[in-house]
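Please look through the sequence and the structure shown here before reading on.

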Protein chains: 2
Amino acid sequence: MKKIALAVAIAAASSSLMAQSLGKPEDQVRWRQSAYQTMAWNMTRIKVNLESNYNKDQVAQAANVIQAIANSGMGSLYAPGTEKAKGWEPTHAKPELFTDKEGVGKVAVAFNKEANELAKLAAGGDAAAVKAQFGKLTEACKACHKDYRVEEKH
Amino acid sequence: MKKIALAVAIAAASSSLMAQSLGKPEDQVRWRQSAYQTMAWNMTRIKVNLESNYNKDQVAQAANVIQAIANSGMGSLYAPGTEKAKGWEPTHAKPELFTDKEGVGKVAVAFNKEANELAKLAAGGDAAAVKAQFGKLTEACKACHKDYRVEEKH
């Protein structure tokens, strides 16, 4: 029940409804790893744009991807049975991700808020504002990784 | 030069600008495989919703992810050097994907059009319209796979 409650908490952070849980555990882990990597690609693109030759359209495209994934109800990919499953590679999720529903809810809500704000600012095209918000989103990512992810370099 | 022209053609299909090319070949292949898997997850979600218990919010979330990725300028992930690179797994791209710029441009434009239309209909919530459009998007995916992807089951 705790795990179900957790999934509800994560889903609730990005949606008012619990997403239907789909796929085998290895599918769910592969899909969530893919979603994080897709966000990582787009975070990298925004970083490079902020460092040189800021291109408003590219940054907006990248921020839209991150926002859409942040609001996609990824909580449904953490169903019971996925705690130690292997997707593209073994999951990096710490056991706490499946038990600390209150803490996970907090970092999930913060992440969504910062991702939505980044997409809004990116559409506006103010590079300085995007830079400041990109910093806030990066911190939101790190806050979750710190407590709930076994860090590992590719 | 053909490869650069191809990348421009793909990028142009989803953006008016060539996205900056980032990362090593293995990063680019991992990122593009991740983006396709993220779309596959969301296509699966929409399919399940169409088959039973249609949930407007979930379908809209899923369609938004597909749309955002379709418009993200993925062409920048097909830079020279990625033709045979390994990301999460060896690339499934056929050599033609890097040479047939006209054909690739056509399937890319069609894919974007159908993805944008699906997101629009999903926001409206008319399940029958979403079902018809989901079929069109599926055909657009298959049209590209047929000519440019070495099919393989997970």
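The expected span of a helix is 1.5 Å times one less than its number of residues, where helices (H or I, at least four residues) are DSSP runs numbered from the N terminus. This is a predicted model, in which local features need pLDDT of at least 70 and side-chain atom pairs count only at pLDDT 80 or more, while totals for chains, interfaces and linings use all residues. Residues are numbered from 1 along each chain as its sequence is written, chains are lettered from A in the order in which they are written, and side-chain values use heavy atoms, with hydrogens and water left out.

Helix 3 of chain B (residues 56–70) has 15 residues and should therefore span 21 Å, which agrees with the 21 Å between its end C-alpha atoms. Because 11 of these 15 residues are buried, helix 3 of chain B is largely enclosed by the rest of the structure, where buried means under 20% relative accessible area (1.4 Å probe, protein chains only). Among the buried residues are B:Val59, B:Ile66 and B:Ile69. At the N-terminal end, B:Asn55 caps helix 3 of chain B, with a side-chain oxygen 3.0 Å from the backbone nitrogen of B:Asp57.

Rings of Phe, Tyr and Trp (its six-membered ring) pair if their centres lie within 6.5 Å, and planes under 30 degrees apart count as stacked, over 60 as edge-to-face and the rest as tilted. By this rule there are three aromatic pairs over all chains, including the two tabulated here.

| Pair | Centre to centre | Angle between planes | Class |
|---|---|---|---|
| A:Tyr78 and A:Phe98 | 6.1 Å | 55° | tilted |
| B:Tyr78 and B:Phe98 | 6.0 Å | 55° | tilted |

In chain B, B:Tyr78 and B:Phe98 both lie in the loop between helix 3 and helix 4 (101–124), so the pair ties together parts that are 20 residues apart in sequence. B:Tyr78 counts as buried at 6% relative accessibility, and B:Phe98 counts as buried at 3%.

Technical notes:
Helix = DSSP H or I, 4+ residues; strand = E, 2+ residues; numbered from the N terminus. Buried < 20%, exposed > 50% of the residue type's maximum accessible area, 1.4 Å probe, protein only. Polar contact = N/O pair within 3.5 Å; in protein donor to acceptor, adjacent residues only side chain to side chain.
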